[in-house]
Amino acid sequence: MYFTVSLGPLSLGNVIEEHQNGLASTFTVLCSQCNAENTIKTSKEHRSGARGPLTFDVNTRAALGCLHAGVGNTHLNNLLSTLNVPAMNSSTFKTREREAGKAIELVAKNSCEQFLNGEREEAIENGNKPDENNLVPIACSYDMGWQKRGRGFNSNTGHAAVMGLSTGKVLDYTTKNKMCRFCDEAKKAGKQPKDHDCRKNHLGSSKSMEPLAAVELFSKVTESNVKFSVYTGDDDSTTESHLKHIKVPYGVEKWSDTIHIKRSLTTRLYNLSQRSKFCNSSVLSQKVINYLVKSFTYCIAQNKGDATN
């Protein structure tokens with residue numbers, strides 16, 4: 001606890017007022033010797049804005065912990081109520097979540113920039129020479145995810161990332177958002193939205209987020225004198241077409257990783273078994289399909305690094 005005392009020890013039995021702010025409390029306690037009112041705060045404070053009252057550390061840490069654990073205000077309050085601790089209202093939680101989110105985003109961007117520079121230096125040491133535009137070629141992997149289970153083709157948000165094949169570190173990322181509550185509410189009311197940190201940056205379908213995010217990341221990396229000349233990813237022909245023919249100012253070669261190509265082979269063999277019948281041949285059963293796919297993956301594993309065989 002953090003407090004100012006006039007004389008002598010204080011007793012919580014002499015609390016005359018309590019003001020709650022999220023998980024923190026401010027007590028007003030009478031001194032048993034001089035009857036002076038003393039203010040006791042249960043958490044340290046910090047400045048989170050240019051003006052206004054200070055912010056309690058415990059509330060910001062609670063929001064940061066929820067972001068780290070991947071839960072929200074409802075999950076936090078379920079835990080607090082089970083512990084018989086006063087809950088945090090949604091307004092306080094959202095404000096502190098935005099505060100922590102900005103710091104996390106800044107750290108993430110700096111981390112990506114650091115790893116990208118490291119990947120570039122390692123590529124130069126391995127003999128990769130810059131091209132005529134002073135862009136160092138780097139091999140990477142790219143993929144995108146959505147906030148809904150399954151394929152997520154009706155998700156309002158998506159997140160894409162580029163990882164270096166050499167280090168496995170995240171070199172850059174971006175998000176795509178189809179909605180903004182501030183903008184949507186203002187549009188319904190026929191008013192101009194107030195100033196806010198708007199993240200709405202996508203108008204098409206959720207599936208179209210993946211190729212557009214890829215073009216954004218592969219184009220922006222040239223600002224760091226790097227190009228993603230080779231990328232490993234899923235067998236999405238739309239993303240591959242966008243990277244090879246739309247707006248990316250350099251050539252990109254596509255590689256397929258074992259997991260995705262194994263999945264694609266299984267799907268195509270299964271579709272072939274449903275559509276076609278082969279004379280004088282055994283049935284293309286699930287057992288046969290599994291055997292063919294297993295043999296294919298063995299072939300790849302045993303000839304790793306030997307393209308000729």
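I count Ala, Val, Leu, Ile, Met, Phe, Trp, Tyr, Cys and Pro as nonpolar, Asp, Glu, Lys and Arg as charged, and the others, Gly among them, as polar. The model is predicted: local features need pLDDT of at least 70, side-chain atom pairs count only at pLDDT 80 or more, and totals for chains, interfaces and linings use all residues. Residues are numbered from 1 along each chain as its sequence is written, and side-chain values use heavy atoms, with hydrogens and water left out.

**Entry 1: the largest pocket**

I looked up the largest pocket and found a volume of about 2,000 Å³. A pocket here is an open set of points on a 1 Å grid over the protein atoms alone, where a 1.4 Å probe fits, with protein on both sides within 12 Å along at least five of seven lines; lining residues have an atom within 4 Å of a point. The volume is the space filled by probe spheres set on the points. I noted 39 lining residues, of which Lys94, Glu97, Arg98, Asn177 and Arg199 are the closest to the centre. H3 gives the largest share of the lining, 12 residues. By class I recorded 18 charged, 13 polar and eight nonpolar residues in this lining. Helices (H or I, at least four residues) are DSSP runs, numbered from the N terminus.

**Entry 2: H1 against H3**

I then turned to helix H1 (residues 57–69), which packs against H3 at an angle of about 70°, with the axes 8 Å apart. Axes are lines fitted to C-alpha atoms, for helices over the stretch in contact, and angles run from 0 to 180 degrees between N-to-C directions. The two helices are therefore roughly perpendicular (65 to 115 degrees). The contact (heavy atoms within 4.5 Å) includes Ala63 and Leu67 of H1 and Phe93, Glu97 and Ile104 of H3. I counted seven nonpolar, four polar and three charged residues in the contact of H1 with H3.

**Entry 3: H7 against H8**

For helix H7 (residues 258–275) and helix H8 (residues 286–302), I found an angle of about 150° and axes 10 Å apart. That makes H7 roughly antiparallel (over 145 degrees) to H8. Among the residues that meet are Leu265 and Leu269 in H7, and Leu292 and Phe296 in H8. This contact of H7 with H8 divides into nine nonpolar, five polar and one charged residue.

**Entry 4: H5 against H6**

Lastly, I recorded that H5 and helix H6 (residues 237–245) pack at about 35°, with axes 8 Å apart. Leu212 and Phe218 are among the H5 residues that meet H6, where the partners include His242 and Leu243. I noted six nonpolar, three polar and one charged residue in this contact of H5 with H6.

Definitions and conventions:
Angles under 35 degrees count as roughly parallel, over 145 as roughly antiparallel, 65 to 115 as roughly perpendicular and the rest as oblique.
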